[in-house]
Amino acid sequence: MMNYLILLVIAMCFGLNEGKCFTNILELQNNLSPGSILKVNCSSNKGDVEPVHQVKLNVRYQIVVLEWGWGDRVVFRCLLRHGRKMEYSQTIWRAYRAAAEYRCGEKRSWIAKADGIYLVRNGEPKGLKYPWVHTKK
Ligand SMILES: *[C@@H]1O[C@H](CO)[C@@H](O)[C@H](O)[C@H]1NC(C)=O
């Protein structure tokens with residue numbers, strides 16, 4: 001009876017985890033300044049091309065990423081732009097990089113602020129990662 005109960009509990013835990021964990025998320029967030037628009041376009045080494053998105057202040061733009069596993073890593077890169085003439089920009093070459101083995105429930109959040117782009121990895125703040133590149137227009 002006891003063994004049966006333990007098995008049941010284990011089965012339930014696995015069942016719940018499976019239900020929650022089937023995708024990964026690449027997120028881009030605009031934390032610039034009131035009225036600012038963050039323009040984002042991302043693409044992957046697997047041929048995914050996301051069209052340009054205009055992300056308003058305090059909005060999160062999310063892309064669902066499926067990892068392939070078997071050493072076949074999907075890598076997303078993103079171009080972020082802002083400013084009156086979109087004169088501030090930066091390309092994040094490894095905005096999301098899959099592991100060699102299949103994973104789920106991973107989250108990379110890139111937060112655009114006035115002084116640069118910050119990373120939050122699975123909810124853990126990693127600090128300022130990229131400055132803005134200013135191009136005269
Ligand atoms: C974003 O779009 C620009 C302009 O179409 C393009 O040159 C660039 O390669 C794109 N970047 C990414 C990461 O998809």
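**Entry 1: the chain as a whole**

I take accessible areas from the Shrake-Rupley method with a 1.4 Å probe, where for residues only the protein chains shown count as cover. On that basis I find that the protein chain exposes about 8800 Å², of which carbon and sulfur atoms supply 57%. I note that this is a predicted model, in which local features need pLDDT of at least 70 and side-chain atom pairs count only at pLDDT 80 or more, whereas totals for chains, interfaces and linings use all residues. Residues are numbered from 1 along each chain as its sequence is written, and side-chain values use heavy atoms, with hydrogens and water left out.

I looked up the secondary structure, taking helices (H or I, at least four residues) and strands (E, at least two) as DSSP runs numbered from the N terminus. The protein chain has 1 helix and 10 strands, and from the N terminus on the order is α-β-β-β-β-β-β-β-β-β-β.

Of the 137 residues of the protein chain, 34% count as buried. With contact meaning heavy atoms within 4.5 Å, I see that among contacts between residues at least 6 apart in sequence, 55% join residues at least 24 apart.

**Entry 2**

I count two strands as paired if DSSP finds at least two bridges between them. An open sheet is formed by 5 strands in the order β3-β2-β5-β6-β10, with antiparallel pairing. Its edge strands are β3 (53–56) and β10 (133–134), each of which pairs on one side only.

Strand β2 (residues 37–44) pairs with β3 over 4 bridges in the antiparallel sense, and V40 stands opposite H53 in β3. Between β2 and β5, which run antiparallel, I find 6 bridges, with K39 opposite R81 in β5. Strand β5 is in turn joined to strand β6 (residues 88–97) by 7 bridges, again antiparallel, and here R81 stands opposite S89 in β6. The hairpin of β5 and β6 has 5 residues between the strands, and in it G83 takes a positive phi near 110 degrees.

In a regular strand the side chains alternate between the two faces of the sheet.

**Entry 3: the disulfide**

I searched for disulfides, each being a pair of cysteine sulfur atoms within 2.5 Å, and the count by this rule comes to 1. C42 is joined to C78, with an S to S distance of 2.1 Å. The pair links distant parts of the chain, as C42 is in strand β2 and C78 in strand β5 (residues 75–82), 36 residues apart. The torsion about the S-S bond of C42 and C78 is about 105 degrees, so I record the disulfide as right-handed. C42 is buried because its relative accessible area is 1%, and C78 is buried with a relative accessible area of 1%.

**Entry 4: the ligand**

Which residues surround the ligand? Taking a residue as near if one of its heavy atoms lies within 4 Å, I list N41, C42, S43, R77, C78 and L79. Strands β2 and β5 each supply at least two residues of this shell. I checked polar contacts (N or O atoms within 3.5 Å; within protein, one must be able to donate a hydrogen and the other to accept it, and residues adjacent in sequence count only if both atoms are side-chain atoms). An oxygen atom of the ligand lies 2.3 Å from an N or O atom in the side chain of N41, and an oxygen atom of the ligand lies 2.8 Å from an N or O atom in the side chain of S43. The protein covers 49% of the 360 Å² of accessible area that the ligand has on its own.

**Entry 5: two single residues**

I looked up N24, which is in strand β1 (residues 24–30) and counts as buried because its relative accessibility is 1%. A polar atom of the N24 side chain lies 3.2 Å from the backbone oxygen of R103, and a polar atom of that side chain lies 3.1 Å from the backbone nitrogen of G105. Leaving aside neighbours within four places in sequence, N24 has contacts that include I63, V65, Y96 and C104.

I also looked up P131, in the loop between β9 (124–130) and β10, which is partly exposed with a relative accessible area of 49%. Leaving aside neighbours within four places in sequence, P131 is in contact with Q90, D115 and G116. The C-alpha atoms of P131 and G116 are separated by 4.3 Å, although the two residues are 15 residues apart along the chain.

How values were computed
Buried means under 20% relative accessible area, exposed over 50%, partly exposed in between (1.4 Å probe, protein chains only).
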